[in-house]
Structures are given as C-alpha cells and as structure tokens.
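Here is a short report on side-chain packing.

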Amino acid sequence: MQCDRLWRNARLVTLAENRPGLGLVEDGVVAARDGRILHAGPAAEAPAFAARAVIDCEGRWITPGLIDCHTHLVHGGDRAGEFEARLAGASYEAIARAGGGIVSTVRATRAASEDALVDSALRRLDALLAEGVTTIEVKSGYGLSLAAERASLRAARRLGEARDVTVATTFLGAHAMPPEETDKDRFIAQLCAEMLPAIAREGLADAVDAFCEGIAFSPAQTARVFEAARALGLPVKLHADQLSNLGGAALAARFGALSADHLEYTDEAGAAAMARAGTVAVLLPGAFYFIRETKLPPVDLFRRHGTRIALATDCNPGTSPLTSLLLCLNMGATLFRLTVEECLAGVTREAARALGRLPECGTLEPGKWCDLAIWDIERPAELVYRMGFNPLHARIRRGR
C-alpha cells in the first residue's frame, strides 16, 4: 500500500476509544497519505507500506498533536502593570476605578491595528507550537464593538495562515460590557441583531461563546445570545460557574453546547446535565492559579456522571497569561488532582471534542488528520510530571 510518510519503531499514545486507557501501543507504526492517517497501531498489524519517506522514531513516544481548546490569544497590550500593583496591595476595585481591568485591554485592542494584533498573538502562539500544539481555539471578546470584534477574528484567522496550525475561532462578544454602554439588555439586543449576524455572514466564527456570571451577563441574557447563534447555525460554548453558581453548566447543556468552561462552582445537576448533553467540561487551571482561587471544580462529580474533561491554557492578559500547555498538564494534575490519563486525554481527544472536531483530530486513528507530537520521554506520565521542561522532538501537522 502506498503512503507518503511512515513513522516506525515508535511507541504510540493513540487515545483511541476502542483501546483501554491511553490506547498505548509499544511497537507501533503511523502511516500517512494526503495528510491523513492510514494506519496507527501495532507494526505487526500494519499492511506492507511502500513509503516515500520512512522515519525511524528510535523508540520515541508519539501522541496526537496537542490541542489548546480555550484561549484569548488575540488582544492588545498586557496587564503586567496591574499585576505588579496587586502585588503591592492595590485592590481590583481600585485598579478598575483607575481605568484598569478588562477595560484597559479593550482600549488597547481597539487601538491596535489588525497587523499589530497578529504580530503580538504570533509570539504567544509560537510558544504553544513549540510544545507540540497543532490545533488551537482563539476567542474574540476584547473588542466589544462590531469593528473591533471583526478585526480580532480576522487576526485570529490570519494566525492559521502565518503558521502551520489549525485555528478555530470563537465569537465572544458577550464577554463584558463595552465601556461606552451602560445597559446590558440593550447591548445584548445589539449583539444579537447586528454583531452576531454580521460575524456569521462573513464566516469569521466557528462557534459563539458568552460569559455567564454576576459580573458579566445573566442566564437570561446568555440564553438570548445562544438562541441567536442557534438561528444562525453556529454551535455554542460558555464561560460558566467560575465565580458563582448561576446554573451556567445546565444552561450550556440545555443548548447542546460543545463545552462549558471554568466550572469551579458547578453543582451535581449541572454536571449530570452536561454528561447527558455531551457538553465537555473544560478546566482552566492557569486562571485558578493566577487569581488564587480556592474553590476546586467538582472533578469527582464529572467522573461520577461521565462528563468528559478537557484542559486548556485560557491564555489571556488578565487572569491566565499562560502560554504553556505542558505546564497546564502539570497544573491539572497537582491543583485539580486529575490522573495522567485524564490530563493527556484532556489536551488531545477531549479538547478536540470540546471544539466539535473529534472526527478530524485528537486521536491517532485512520481517517483523521495526521497531526502528531513526537516526544523524547520514557513514559507518557513525564508529560504531566515535569515542569518547565519541553521534551518535544518533532511536531507534525497533516503529515508534514
């Protein structure tokens, strides 16, 4: 059988659901043609391949390419000054009164050109790619006007043109109130009637997100956004239950959301509803760590009800300036007590599920894109165990 490339003498972490645990294969082969996997499994079960190129992995481990399924990679400026002020004792309220907080990021994002947004995001993206990321989700949400949100989403799309990476874009217009607006209902009405249809018409978003929280938008306002997204044929995601329990997880499940993210305050009813709906729980340990949260997400409830769990960096300037998915793995284990299997599945198979892309990526199985990360490690647990160490040997996207 003809193939373009063949990786032999490898150990595989397939994550295939028809194999137990991580789907490990000790003496494995991966074959690709036209960017897709033809075979990923034991060498003894592989057809006789005639390959244009054969790569001897010398016993290295291969996982699916990593997937960061929740980021705010595109934004103007940073908030390092605010971080320094908080360390010196300034309160969030005092910083906000002085024009800081998300308003400062909105101001910087609106002032930046699209090219500048791309250039700054590429530096953050490159750090993630260097750790084996092959697919990334990028949200808008720091423009909060049609023009600025449109520019942010265009910049996110351009990241996939400037680098060899798959970019999924998410419209997060309902992230916060724009500084010029005072009426939340009026803003949500404008978002549903004008901003969202324009974004959908231009094909700039793969999904729609919202922040359902006391400091952001109510469940009723969020539902209006989701109804508008559904009418336009766009799937939804939700920032839910991060600071309080407003029933965000259950709301996300009611709309068949791809994922609900954060979830520190989710209750059992919400976890069960997510499991029934197939809504993935995306946990964000970087934000938990950075804002010194103490309320742990209910991992045991997710396990009990069979709610799928993903992990992501939540890379953003205010609450998770994290550009290491490998460190996120360690945080997921140490802060949230996830297992090695849950962590590795969380940045591959379940992250793909959270983006609605599991048919295309996230596991090593025939028919999927040949997105691989090849590691200089002795066992998969090293990817979760180590901190500040990058054992990536090679990153392959679509068979190249």
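## Aromatic packing and cores

Phe217 has a relative accessible area of 1%, so this residue is buried. Buried means under 20% relative accessible area, exposed over 50% and partly exposed in between, with a 1.4 Å probe and protein chains only. This is a predicted model: local features need pLDDT of at least 70, side-chain atom pairs count only at pLDDT 80 or more, and totals for chains, interfaces and linings use all residues. Residues are numbered from 1 along each chain as its sequence is written, and side-chain values use heavy atoms, with hydrogens and water left out.

Phe187 also counts as buried, at 1% relative accessibility. Rings of Phe, Tyr and Trp (its six-membered ring) pair if their centres lie within 6.5 Å; planes under 30 degrees apart are stacked, over 60 edge-to-face, and the rest tilted. The count comes to 4 aromatic pairs. Two of them are tabulated.

| Pair | Centre distance | Plane angle | Class |
|---|---|---|---|
| Phe187 and Phe217 | 6.1 Å | 25 degrees | stacked |
| Phe226 and Phe255 | 5.4 Å | 75 degrees | edge-to-face |

Phe187 sits in helix α6 (residues 184-201), and Phe217 in the loop between β9 (207-212) and α7 (219-231); they are 30 residues apart. Helices (H or I, at least four residues) and strands (E, at least two) are DSSP runs, numbered from the N terminus. Phe226 and Phe255 are both buried.

Two charges sit over rings. The cut-off puts NZ of Lys or CZ of Arg within 6 Å of the ring centre and within 35 degrees of the ring normal. Lys184 lies over the face of Phe217, 5.9 Å from the ring centre. Arg386 has its charged end over the ring of Phe389, 4.5 Å from the centre.

Which residues have the most contacts inside the largest nonpolar core? They are Ile136, Leu159, Phe171, Leu191, Leu263, Leu283 and Leu329, in a core of 86 residues. Such a core is a set of buried Ala, Val, Leu, Ile, Met, Phe, Trp, Tyr and Cys residues joined through side-chain atoms within 4.5 Å. Another core, of 15 residues, lies apart from it and includes Leu12, Val30, Ile37 and Ala40.

Among the buried residues of α5 are Glu149, Ser152 and Leu159.
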